[in-house]
Amino acid sequence: MAGEGKARKAKASPKEAPISNGLLTLYLTMYNAAQWMSWAYLAYLLLVKYIDEVQNGTYECEKYMREVYSVVGSFAGSLTLLGFLETIHALARFVKTSPMPTLFQTLGRFAVLNITVASVSEAQAWVSTGSFLLCFVVIENIRYPYYTVAQVLSLCNKKPPYILTWLRYTAWIPIYPTGIVTEWLTYYFSLPYLNNLELKLDIMPSISLPFYYVVVGLLVFYPIGGFVNLSHMGKQRKKALSPKQKFE
């Protein structure tokens with residue numbers, strides 16, 4: 001995902017610029033730190049639930065995933081909804097990133113988690129659902145610490161530690177493809193249930209579209225969107241890990 005990197009310099013007078021940049025950096029630091037703490041808490045809930053069931057000898061994959069979703073599903077959905085702010089940040093040029101990859105990824109997450117899985121109770125116990133949730137948790141507990149540290153250090157014109165930068169721009173290599181595939185599988189397996197539910201998406205006050213057809217479109221689009229997103233991340237990795245790359 002495109003991230004919340006260093007704030008762009010505001011176009012203001014010399015006296016106003018430091019204050020403007022300082023406030024923007026403070027806001028982005030608080031946003032990234034809040035996301036970091038939230039996803040860390042979600043990871044804690046997942047880990048505690050897993051350890052508790054293993055120790056009690058009651059662990060079963062389907063049972064575990066259904067119970068985990070009931071504990072963290074709404075929380076993860078709220079964090080996904082909050083993630084739309086990152087598209088606004090990019091559009092407002094608060095950060096140096098393209099808004100489209102961020103928007104597409106957030107929309108995909110929202111559609112699969114907040115609409116599809118929330119509407120299809122059976123999907124809450126699928127391995128594919130558990131897999132993409134775990135992908136979300138792992139990658140966000142890498143992304144947001146990196147962006148928080150980067151924002152703080154930007155005040156001193158310093159770079160984040162190389163190991164943190166390397167982890168941020170390397171961990172996605174196995175995690176993003178896994179997330180894309182498991183989201184796609186969740187969409188695919190949910191089609192019969194969505195068809196029976198007759199769930200509709202209101203496009204305009206007088207126009208609605210069956211969500212079933214939206215998902216069919218997503219199934220076609222996902223391989224293309226996934227390729228674009230992975231290509232974007234590949235370019236970001238090459239740039240971020242280049243010895244000549246200056247801190248952004």
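A charge is said to sit over a ring if NZ of Lys or CZ of Arg is within 6 Å of the ring centre and within 35 degrees of the ring normal. By that rule, R168 has its charged end over the ring of Y169, 4.9 Å from the centre. R109 does likewise with F136, at 4.1 Å from the ring centre.

Before I go on, the basis. This is a predicted model, where local features need pLDDT of at least 70 and side-chain atom pairs count only at pLDDT 80 or more, while totals for chains, interfaces and linings use all residues. Residues are numbered from 1 along each chain as its sequence is written, and side-chain values use heavy atoms, with hydrogens and water left out.

Next, rings against rings. Rings of Phe, Tyr and Trp (its six-membered ring) pair if their centres lie within 6.5 Å; planes under 30 degrees apart are stacked, over 60 edge-to-face, and the rest tilted. The count comes to 16 aromatic pairs. One of them is Y41 with F75: the centres are 5.9 Å apart and the planes are at 50°, so this pair is tilted. It links distant parts of the chain, with Y41 in helix α1 (residues 16-55) and F75 in helix α2 (residues 61-82), 34 residues apart. Helices here are DSSP runs of H or I, at least four residues, and strands are runs of E, at least two, numbered from the N terminus.

How covered are they? Buried means under 20% relative accessible area, exposed over 50%, and partly exposed in between, with a 1.4 Å probe and protein chains only. Y41 is partly exposed at 44%, and F75 is partly exposed at 23%. Y50 and Y59 make an edge-to-face pair, 5.4 Å centre to centre with 80° between the planes. Y50 is partly exposed at 38%, as is Y59 at 36%. Elsewhere, ring pairs join W126, W184, Y188, F189 and Y193 into a cluster.

Now the cysteines. With a disulfide taken as a pair of cysteine sulfur atoms within 2.5 Å, the structure holds zero. C135 counts as buried, at 11% relative accessibility, whereas C156 is partly exposed at 49%.

Last, the strands. Two strands pair if DSSP finds at least two bridges between them. β1 (residues 200-204) and β2 (residues 207-210) pair in the antiparallel sense over four bridges. The two form a hairpin with two residues between them, and K200 has P210 in β2 as its bridge partner. Which strand is hardly covered? That is β1, where the count of buried residues among its five is zero.
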